[in-house]
Amino acid sequence: MSLNHLFNRNKALSEPSEIYSQELNTFNGLTFEQDLIFDGRLNTQYVYNRNYLLFTQEDGNQSVLNSSLQRVYLNLDSTTINYNDPETSLISYNNYLGTPLVRIANTTRVGRTSVFESGGKINVSAAGKQIKIQIKLGSILIKDTTLILPNLPEESEFRFQNKSIVLTTGVAGVASIRNQGSFSVDNKQGILRTYFFNTTNSTTFETVTTQTIDVTCEWITSVNGDSVTFEDFEYYILT
């Protein structure tokens, strides 16, 4: 199920178990379907909007109006990578909203734009430590970013975003994809730093086979105490 990117997370009263409800709101002939999910374990109410509006015409027939911004996947669990952990996937299907990230063969079109986005906490004991983020289609590496980080004390925050744009489709060597994005850190003491990247893969990327989408993270150089926690990792399609 595709999810609209309009997603709000609000604090709510604690409940002993998960509660699910659905609301239908109508305005000027448009029926907007909204789902409410309350997780008592996290004391959090999740509100997300499905990716369609139903328009009722004068003759009683209904038409579906699709949004151009579709959330496909949201990981509700956080993922922590400590200094000695192996390469770790940021995509989990234990507690999530949406659908598994599988790209079907020959369904990708030129201009298809998708985004990975997350944020969380990061702790780096000394400047110069390195962390790597990779985006993969099956066994094919389409994006590899290594960042050299400053000293970041506990409770420092980061924000990561990667936008992928399909430039051409076909077999490897013909197909190409551009990855643009940023990784920003804030040590909460007045130091902000943003790393930007913009690369094109025209050698290993291809669109003719069915592949599972994955994003991974690992420390390249680190010491005991270095860690990064990705919260609310999401994937959505812009066009």
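Q: Where in this predicted model is Val174 found?
A: Val174 sits in a loop, and that loop runs between strand S14 (152–168) and strand S15 (176–186).

Q: Why are Val171, Val174 and Val208 called a nonpolar patch on the surface?
A: A patch takes residues with over 30% relative accessible area and joins nonpolar side chains, Val among them, within 5 Å. Val171, Val174 and Val208 form such a patch, and together they have about 220 Å² of accessible area.

Q: With which residues is Ser184 in contact, leaving aside its neighbours within four places in sequence?
A: Ser184, which lies in strand S15, is in contact with Glu157, Phe158, Arg159, Arg193 and Thr194. Contact means heavy atoms within 4.5 Å, so these residues are counted on that rule. As for Phe160, its C-alpha atom and that of Ser184 are separated by 6.6 Å, although the two residues are 24 apart along the chain.

Q: How much space lies in the largest pocket, and which residues are the closest to its centre?
A: The largest pocket holds about 390 Å³ of space. It is lined by 22 residues, and the closest to its centre are Arg103, Thr108, Ser114, Ile213 and Tyr235. Several elements give two or more residues to this lining, including strand S11 (113–124) and strand S18 (227–237), while the largest share, 3 residues, comes from S12.

Q: How do the residues of this lining divide into nonpolar, polar and charged?
A: The lining of the largest pocket has 15 nonpolar, 4 polar and 3 charged residues.

Technical notes. Residues are numbered from 1 along each chain as its sequence is written. This is a predicted model: local features need pLDDT of at least 70, side-chain atom pairs count only at pLDDT 80 or more; totals for chains, interfaces and linings use all residues. Side-chain values use heavy atoms; hydrogens and water are left out. Patches are made of residues with over 30% relative accessible area and no salt bridge: like charges are joined within 9 Å, nonpolar side chains (Val, Leu, Ile, Met, Phe, Trp, Tyr) within 5 Å. Accessible areas come from the Shrake-Rupley method with a 1.4 Å probe; for residues, only the protein chains shown count as cover. A salt bridge is a side-chain nitrogen of Lys or Arg within 4 Å of a carboxyl oxygen of Asp or Glu. Helices (H or I, at least four residues) and strands (E, at least two) are DSSP runs, numbered from the N terminus. On a 1 Å grid over the protein atoms alone, a cavity is a set of points where a 1.4 Å probe fits but cannot get out, and a pocket is an open set with protein on both sides within 12 Å along at least five of seven lines; lining residues have an atom within 4 Å of a point. Grid points are joined across faces, edges and corners, and a volume is the space filled by probe spheres set on the points. Ala, Val, Leu, Ile, Met, Phe, Trp, Tyr, Cys and Pro count as nonpolar, Asp, Glu, Lys and Arg as charged, and the others, Gly among them, as polar.
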